[in-house]
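Open the model in a viewer and keep the selection panel at hand.

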Amino acid sequence: MKLEDLTTEQQEKISEFGLNTWYVLELLGQYNNDPDSVSDNWKELFRTLNINDNGNNKKVKTKQQPASAPSTYQSNISMPLPAEGDEAVVIRGVGAKVIENMNSSLSVPTATTFRTIPVKVLEENRRIINEHLKKNRGGKISFTHIIGWAIVKGIAYVPVMNNSFTVINSEPNLIRKKDVNLGLAVDLEKKDGSRSLIVPNIKKANLLDFKKYFEAYNDIINRSRNNKIEVSDFQGTTISLTNPGTIGTVASTPRLMIGQGAIIATGAIDYPAEYQAVTNEVITGIGLSKIMNITSTYDHRIIQGAESGLFLKILSDLLRGEENFYEDIFRDLGIPMSPVKWYVDKKEEDFGKIENIEEIERQAKAIQLINMFRVRGHLLANLDPLYLKVQHHPELDPANYGFTVWDYDRDFITDGLAGLRTATLRKILDILYQTYCDKIGVEYKHIQNPEEKKWLQDKME
């Protein structure tokens, strides 16, 4: 179905869907061929457009524009003509509607705030979450899941970012939104191989815990991929998230659609360009984090630059673990562990070589940490399926031995852990948690016979 095949009244009704207009037109085409191929909600919408169940458009007589009326796409700007050998193809239907949406978005006076965020803590905690979900067949968390949740939580600190602008009775109005309906930009490949974008939203995301949000997010994405999006999924979006970083884009400034106050865009997650060719030893030695660029494009009539900048600061703080951001996620998902926290790197600049007393002490601390898990690891074991709680013991906390998130990629002596001579702190902790802190708790260090004790240790690890 093409937009120009509809009457003016019908075009105006479908135009209310903005960027999602192409999706509505495709469903309308399906409805024309087989009314039962779409859900009842879409049927009701198409019936209100005076399109009957046989797919015949009841033409509504509309007032025609005078022959001299200017086209929507005409302007006083001199437009280029095709050169010899070039081909000019008229843009109609969905493509024309996209152009119209972009032109209408120009009526919104926007500005953009930019910030670079370190993602080391985000990476480490996402890995822990996915390990837990993998064992429990609970799906997989993407970076965008967590970033979207940070936006939802961040609105509580800077609520102006959830507002919108409108005109009522010829007077400008600010609409203070009660709930956060988070729009998710979903890239879809159409049947002809072309790609388009739809932006459904998670309703009242601010009232959900992370587990419910995770389920709602996945539901929106799955229904988008399977062409099961409903009319209501497009309505009432208050703030949107788009992630062009998935295809390597470092940063972008998306267009803000009418009816929203802000749209957040995230870039690719990677090391700074000047460090992308250095060795892993240098990266871990200097404690270098991958980064992510994030932009906030906002309606400058109702949001000021300082407010947008504060919002991005809040997002940065949350993604670094402040305000118990990851503790709450772990609790909602039932992960009986403490999340990785942000610390200043404490390593000396010796690039991993054991040439000074400070590094020798750090290696000794790693062995001490391993030994304490062998002695007291059972205290963190998840032994009661009816009473799941986050356990903590200071002698089993890497921070108690001076380790920070920057040490997770650095090698340490393992004291024979799992038959290894050295391993990264991340791998050491993975082995220790799986061996001594999972569904089985074991105490064996009290055994007097060294051979029996060593045999048990080797078999378990």
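Two strands pair if DSSP finds at least two bridges between them; helices (H or I, at least four residues) and strands (E, at least two) are DSSP runs, numbered from the N terminus. This is a predicted model, in which local features need pLDDT of at least 70, side-chain atom pairs count only at pLDDT 80 or more, and totals for chains, interfaces and linings use all residues. Residues are numbered from 1 along each chain as its sequence is written, and side-chain values use heavy atoms, with hydrogens and water left out.

**Whole chain.** Show the protein chain as a cartoon: 13 helices and 12 strands.

**E4 and its neighbours.** Select residues 182–184, strand E4, which pairs with E7 in the antiparallel sense over two bridges. E4 and E8 run parallel, joined by three bridges. Leu 182 has Ile 202 as its bridge partner in E7 and Ile 239 as its bridge partner in E8.

**E8.** Move to residues 239–242. Four bridges join E8 to E9, and these two strands run parallel; in E9, Ala 262 stands opposite Ile 239. In a regular strand the side chains alternate between the two faces of the sheet. Both faces of E8 are covered, with Ile 239 and Leu 241 buried on one side and Ser 240 and Thr 242 buried on the other.

**Ile 239.** Which residues does Ile 239 touch, not counting residues up to four places away in sequence? Among them are Ile 151, Ile 155, Leu 182, Ala 262 and Phe 311, where contact means heavy atoms within 4.5 Å.

**H6.** Ile 151 and Ile 155 are among the buried residues of H6. Select 143–155: the helix has 13 residues and reaches 19 Å from its first C-alpha to its last, close to the 18 Å expected at 1.5 Å a residue (1.5 Å times one less than its number of residues). Because 11 of the 13 residues are buried, H6 is largely enclosed by the rest of the structure.

Terms used: Buried < 20%, exposed > 50% of the residue type's maximum accessible area, 1.4 Å probe, protein only.
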